[in-house]
Amino acid sequence: MAAKTHALVAEFDTPEALMAAAEKTRDAGYKEIDAYSPFPIHGMGEAIGFGRPILAWVIFAGGLAGLALGFGLEYWASVINNPINVGGRPMNSWPSFVPIMFETTVLIAALTAVFGMLAFNGLPRHFHPIFNHPRFERASQDLFFLAVESKDPKFDSVETRTFLEGLAPAEVVEVEDE
Amino acid sequence: MDPVIGPNQDYKTVSDKISDIILGGWSQVPVFWYVGLFAGLTLLGGLGHGVFWLFMNGVGVWGLNIPVGWGFAIINFVWWIGIGHAGTLISAILLLFRQDWRTSINRFAEAMTLFAVASAGLFPLLHVGRPWLAFWLMPYPNTMNVWPQFRSPLVWDVFAVSTYATVSALFWFTGLIPDLATMRDKAKKTWVKKAYGIFALGWRGSAKHWERYEIAYLVLGGLSTPLVLSVHTVVSFDFAVSVIPGWHATLFPPYFVAGAIYSGFAMVLTLAIPVRHFYKLGDFITMRHIDNMAKVMLATGLIVFYGYMMEVFFGWYSGNPYEWFMIKNRMFGPYMPYYWALIFCNGLVPQTLWFRSVRRNIPLLFAISIVVNIGMWLERFVIVVTSLHRDFLPSSWDMYYPTIWDWIIYLGSIGQFLLLFFLFLRFVPMIAMFEVKHLVPLSERKG
């Protein structure tokens with residue numbers, strides 16, 4: 001039995017060619033497209049019709065949680081659980097709590113940034129069908145790929161191939177889903 | 001101005017050149033690597049020996065006494081932490097300022113940070129005397145019902161340094177993921193492919209992933225920038241919040257931060273110059289990088305020197321006899337040679353960097369970077385020892401002499417650093433390939 005198609009993948013030599021092709025594909029009405037490149041290309045997310053990620057807000061929330069955690073820890077330990085009167089100074093001496101609050105804010109925000117980025121990206125992941133592409137190992141070196149995935153409602157193995165071939169790629173390859 | 005990347009580089013040559021250092025096999029490893037690894041292992045052996053003796057006998061084997069209760073342990077801790085800061089500065093602050101010359105040096109500068117923090121971390125652990133109880137530093141519910149004193153800079157330091165170590169490791173690893181994927185894709189042997197594949201986490205360079213990746217990386221840069229300033233500020237609070245003449249100064253936070261960056265850039269140069277030479281990386285670490293690092297060293301060196309002058313001025317202007325005595329004792333007392341050696345290393349030698357011909361003379365610059373490293377170590381020695389050894393009461397006065405165990409553990413921490421750094425050179429791409437590819441359009445085409 002023939003395996004299902006994952007995507008049709010067009011190959012390009014330069015980031016500019018990939019960008020132009022991605023914009024045309026998006027404008028042609030394809031939704032499930034992805035681009036693969038060895039380095040981030042500014043504006044590529046927009047070119048494949050990918051909205052602003054919410055990650056930045058999640059990191060902000062992580063930072064706030066870190067701030068609350070730091071202050072909560074210090075307040076609870078110094079005021080509620082084990083108050084010690086040192087020379088009549090106030091128990092809730094918040095200015096001296098600030099450095100630790102800052103550190104916990106940074107710590108939790110940084111952890112959220114890295115693990116949030118990985119989680120939203122679905123990483124770590126053992127395998128992805130795109131790796132079936134015969135030359136995909138060069139996507140991390142010097143080649144640029146544009147994939148139109150088969151789950152796209154407009155996807156048609158003949159029409160989409162004709163469309164992609166019209167974008168002047170080096171080659172269009174059908175990648176299987178196994 | 002010199003280019004940030006050598007001529008005739010394209011996407012493929014960048015990946016090939018940098019990954020072949022690792023994947024090219026043992027036959028390509030320069031003799032330099034074996035020498036460095038051997039030196040690291042030798043000194044690390046000394047560390048094992050020193051730590052064993054310390055644990056058997058306690059901190060009495062060190063040269064500590066009362067009044068000098070803080071000796072090599074704090075000197076080395078501050079020295080190492082300071083060295084680490086240049087890595088964060090290069091990777092985070094220069095990222096935010098969009099300085100494209102950072103890209104080929106940030107990877108190993110960050111690695112340097114990580115290993116320097118690991119070496120720094122040794123000293124507080126060893127100095128607590130009973131390191132198996134070091135977890136008492138962390139707040140946790142316990143049967144004694146006591147908590148760390150959250151109003152104390154020493155507790156802030158625990159949080160600052162542990163956060164710094166964690167965030168530096170995250171920053172470094174996040175920057176590595178795409179390059180590990182390149183290594184996975186370029187490796188020929190199956191087990192090498194699998195090893196890099198595990199750490200690459202299945203990275204495939206999808207545009208959607210890059211979008212989130214760039215957000216996360218920029219946020220890490222934005223977080224690390226104030227973090228690095230806070231860490232050395234808190235380290236300086238360990239001193240400044242006390243009432244010891246010579247430590248109790250509002251000058252300390254900015255002066256410590258500048259000193260940290262100064263010593264860190266010196267260490268980056270100390271490492272980058274031989275690495276560039278022996279691995280033939282002149283196309284990626286160009287004269288532009290070397291020159292810029294020398295300039296940063298000069299600028300921060302001037303701030304540090306200003307700090308020395310202000311310390312003397314404060315001592316006199318305070319009208320406090322203890323402060324003024326401390327300054328005179330520091331400059332002309334029993335530790336006088338250390339003070340003037342410090343002024344020579346950090347005040348006079350860096351002035352040569354005003355000259356372009358000195359900044360471009362690589363052997364000379366290497367020598368200057370070593371002098372600066374020594375100078376910054378002397379600075380911490382002078383601050384710690386000369387402030388303590390003449391206590392308020394002359395009956396408490398004493399001298400501090402480090403013992404063989406102080407030296408063996410200090411040199412051992414250098415060994416640990418060298419060992420980690422040379423393992424890094426062998427197994428991890430030392431230049432950020434995917435970032436350098438951004439510079440490819442700037443590479444000059446020559447026939």
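Predicted model: local features only at pLDDT ≥ 70, side-chain atom pairs only at ≥ 80, totals over all residues.
A residue is taken as buried here if 20 or more other C-beta atoms lie within 10 Å of its own, and as exposed if there are 12 or fewer. B:Val235 belongs to helix 7 of chain B. Setting aside residues up to four places away in sequence, B:Val235 touches B:Val78, B:Ile81, B:Asp157 and B:Phe256. B:Met267 is another matter: it is 32 residues from B:Val235 in sequence, and the two C-alpha atoms are 19 Å apart in space.

Helix 7 of chain B also turns up in the pairing with chain A. The crossing is right-handed. On the chain A side, A:Leu55, A:Ala56 and A:Ile59 of helix 3 make the contact, and they meet B:Arg212, B:Ile215, B:Ala216 and B:Val219 of helix 7 of chain B. Sorted by class, this helix pair brings together six nonpolar residues and one charged residue, with no polar ones.

Zooming out to the whole contact between the chains, 49 residues come from chain A and 47 residues from chain B. On chain A, strand 2 (33-36), helix 2 (44-47), helix 3 and helix 4 (98-120) each supply at least two residues of the side that touches chain B. Helix 4 of chain A gives the largest share of that side, with 13 residues. The chain A side as a whole divides into 31 nonpolar, 12 polar and six charged residues.

B:Gly205 is placed in the loop between helix 6 and helix 7 of chain B, and it counts as buried because 26 other C-beta atoms lie within 10 Å. Its contacts, leaving aside neighbours within four places in sequence, come from both chains: A:Tyr36, A:Ser37, A:Pro38, A:Ala139 and A:Ser140 on one side, and B:Pro178, B:Ala181 and B:Trp210 on the other. B:Thr182 is 23 residues from B:Gly205 in sequence, with 9.8 Å between the C-alpha atoms. The loop between helix 6 (190-200) and helix 7 of chain B also holds B:Leu201. This leucine has a positive phi of about 60 degrees despite not being a glycine. B:Leu201 is partly exposed, with 17 other C-beta atoms within 10 Å.

What about the nonpolar interior? The largest nonpolar core has 177 residues, and A:Leu146 and B:Val268 touch the most other members. Domain 1 (1-38 + 145-178) and domain 2 (60-120) of chain A both contribute residues to this core, so the core lies between them. The C-alpha centres of these two domains of chain A are 48 Å apart. A:Leu146 itself touches A:Val9, A:Ala10, A:Phe12, A:Leu18, A:Ala21, A:Ala22, A:Thr25, A:Ile33 and A:Ala35, again not counting residues up to four places away in sequence. As a general point, nonpolar side chains in soluble globular proteins tend to be buried together.

A few backbone details round out the picture. In chain A, the peptide bond from A:Leu123 to A:Pro124 is cis, with omega near -5 degrees, and A:Pro124 is found in the loop between helix 4 and strand 3 (144-149). Chain B has a cis peptide bond from B:Ile66 to B:Pro67, with omega near 25 degrees; B:Pro67 sits in the loop between helix 2 (31-57) and helix 3 (72-96) of chain B. A:Ala168 has a positive phi of about 60 degrees, although it is not a glycine. This alanine lies in the loop between helix 5 (159-165) and strand 4 (171-176) of chain A. A:Ala168 counts as exposed, because 11 C-beta neighbours are inside 10 Å.

Lastly, B:Pro321 is part of helix 10 (residues 321-332) of chain B. With 9 other C-beta atoms within 10 Å, B:Pro321 is exposed. B:Pro321 and B:Pro245 are 76 residues apart along the chain, while their C-alpha atoms are 9.7 Å apart in space.

Technical notes
Residues numbered from 1 in each chain as written. Chains lettered and ligands numbered in written order. Core = buried A, V, L, I, M, F, W, Y, C linked by C-beta atoms within 7 Å. Domains from an automatic or database assignment. Contact = placed C-beta atoms within 7 Å. Left-handed = near helix turned anticlockwise from the far one by under 90°. Helix = DSSP H or I, 4+ residues; strand = E, 2+ residues; numbered from the N terminus. Nonpolar A, V, L, I, M, F, W, Y, C, P; charged D, E, K, R; others polar.
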